[in-house]
Each structure stands twice: as structure tokens, then as C-alpha cells.
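Reader: Could you walk me through some of the charged pairs and then one of the helices in this model? I would like to go step by step.

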Amino acid sequence: MRRSMLFMPGNNAGMLLNADFLGADSIILDLEDAVSTAEKDAARILVRNAISTLEYTKSEVIVRINPLDSPFYTSDINEIVPTKPSMLMLPKVSSREDVLAYDELVTKREKECGMEEGTIKFIPLIETALGIENAYAIASSHSRVVAVLLGAEDLSADLGCKRTKEGNEIAYSRGRIVCAAKAAKIACYDTPFTDVNDDEGLKKDAALAKSLGFTGKASISPRHVNAINTVFSPTMAEIEYASEVLRTIKKAKAEGLGVVSLKGKMIDAPIVARAEQVLQAARELGVDIDE
């Protein structure tokens with residue numbers, strides 16, 4: 001289950017060494033924004049070696065490569081694809097064509113390495129106004145795309161607005177990303193909360209993201225990981241209610257009842273679907289379900 005995604009600078013050997021012990025479901029080894037131009041080549045080799053030699057068993061490994069308008073993305077793909085990370089994060093994706101351009105290079109490299117085509121999955125980072133408007137086209141562009149991530153910092157700059165903790169300026173973008181991802185039947189992840197010292201603000205922001213339908217949330221600070229995991233995990237009350245919903249439906253079907261209610265509320269198909277989602281999430285977290 002992927003709830004939290006933690007960005008780690010690709011040029012910091014110490015952080016790469018400890019990345020698997022920080023509690024994040026996924027770690028994003030970053031070759032883009034966290035790395036200066038002068039350190040791009042060294043960071044790429046460091047990340048390649050880290051994935052090849054360290055055993056990341058607790059966290060899924062994602063690598064954020066450099067964008068198509070940079071001179072670095074081809075080298076990133078050539079060095080990183082053979083290490084078989086779970087996903088490549090594609091920065092500044094604004095169109096379906098951007099995804100297909102990355103796919104062409106990744107497919108070529110997979111073939112060179114004797115890998116099955118499509119081994120490496122994609123998570124486009126949508127962080128431009130054009131990308132927001134093309135969100136569904138991006139989300140449904142290729143079978144490699146298994147999730148999308150909203151990047152609010154670059155987006156707010158592109159929109160010409162101030163980035164705030166309240167996030168009113170990205171409300172439309174959040175909704176658009178969620179709808180696009182759900183329509184394409186893939187996961188969607190919310191932008192990081194960038195004030196590393198505001199724990200309450202982080203919890204509030206994560207709760208808002210969950211209420212909008214996001215699958216999880218990215219983070220730039222290890223101290224935010226636990227709170228994100230908690231927010232995006234079903235509570236025991238939610239698990240117990242979901243189990244009760246399914247028991248009630250099962251009993252109603254056995255008795256031949258077409259309409260059933262629980263605690264004064266009619267149980268219809270959307271409520272059943274939500275209950276099944278809650279229990280599936282609980283199972284993935286190892287919770288023993290009483291059904």
C-alpha cells in the first residue's frame with residue numbers, strides 16, 4: 001500500500017543509505033530539483049549504485065529523473081533503467097506526448113538490457129497549467145502510467161500566484177488531478193506540505209487531500225511520514241463499520257431482501273464499494289479482518 005512518498009536528494013549518500021528506515025511506503029530518489037547542475041552526473045551514478053547495492057526492502061524505490069527540456073534525462077534513463085526501480089517519476093509533464101517521448105527511450109533501454117517491455121512504470125509529475133488541463137490525457141496516455149503526482153510549487157509559479165498553507169490557489173488543480181486519475185483508474189498523490197516545522201498544518205493538509213480522494217501524499221521531510229501514513233490508513237472505527245456493512249449486505253441477500261439499512265441509513269452500492277475499499281486497504285496493512 002502506497003500512502004507516503006518521501007523525496008530524498010540523489011546526491012546525499014548518507015540519506016540514500018538510511019532511506020529504507022524512515023517509514024515511507026515509497027522513497028523518491030531525486031535527480032532533478034534536489035541536485036545542482038554541477039552534481040547531476042555524480043548524483044546519477046550515486047543513485048544507480050545505491051539501488052544496485054543496497055537492499056531497499058521496506059520502501060518502494062522511485063527515481064525522479066530530469067525533464068525533457070534538460071540535457072540530462074537521456075543519461076538518467078540509460079543509467080537508472082537497468083537497476084529496475086519500481087517507477088520513474090517524470091517531471092513537468094504537460095501532455096500525453098511527453099509521456100510517450102519518455103516511453104520511447106525507456107522501451108529502447110529495456111530491450112538493450114534484456115528486460116520485458118513495460119517493466120518500469122511511470123508516475124508523471126503534473127506541475128504546469130497545461131499539465132493540469134491535460135490531466136486525463138496524461139493519466140490515460142500509456143499502460144506504464146500507474147499514478148500521477150501534483151506538484152504545487154512549480155504550478156503556483158506557472159499560475160503566477162502565491163503558494164499558501166491553506167491551498168486555496170490549488171483547489172481546482174487538486175480536484176482536476178483526482179478526477180483524471182479516478183477516470184483513468186490509477187492512483188493520485190498530493191503535493192508535499194513544505195513547512196517541515198508545522199506538524200499540525202501537515203496533518204490538516206493531509207486530511208484535506210484524503211477527503212478529496214487522493215491515494216496518498218508526497219513529503220520532503222522524514223518527520224512528516226508517520227502522520228501521512230496515519231491519515232491515509234483506515235481507522236479501526238472505519239474498519240469495523242465496513243465489516244458491518246458487508247455482513248449486513250450478506251445477510252440481506254440470504255434473506256432475499258432488496259433494500260437494507262444499517263443504523264438508520266440505507267446501504268446502497270456506493271457505500272458497499274467504499275466498505276470494500278476500506279477493508280482492502282486494511283488487509284494490505286496486515287489488519288486481521290473479522291468478516
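Predicted model: local features only at pLDDT ≥ 70, side-chain atom pairs only at ≥ 80, totals over all residues.

Reader: Is R174 buried or exposed?

Author: R174 is buried, its relative accessible area being 1%.

Reader: OK, how many salt bridges does a search of the whole structure find?

Author: The search finds 25. One of them joins K165 to D198, where the closest N and O atoms are 3.0 Å apart. K165 lies in the loop between α7 and α8 and D198 in the loop between β7 and α9, so this pair ties together parts that are 33 residues apart in sequence. K165 counts as partly exposed, at 44% relative accessibility.

Reader: Switching to helix α11, what should its 19 residues span?

Author: At 1.5 Å a residue, helix α11, residues 236-254, should span 27 Å, and its end C-alpha atoms are 27 Å apart, which agrees.

Reader: Which elements do the buried residues of α11 pack against?

Author: They pack against β9 (261-262) and α12 (269-284). The buried residues of α11 include I239, V245, L246 and I249.

Reader: And what follows α11?

Author: The helix is followed by G256, whose phi is positive, near 75°.

Conventions: Residues numbered from 1 in each chain as written. Heavy atoms only, no water. Helix = DSSP H or I, 4+ residues; strand = E, 2+ residues; numbered from the N terminus. Expected span 1.5 Å × (residues − 1). Buried < 20%, exposed > 50% of the residue type's maximum accessible area, 1.4 Å probe, protein only. Contact = heavy atoms within 4.5 Å. Salt bridge = Lys/Arg side-chain N within 4 Å of Asp/Glu carboxyl O.
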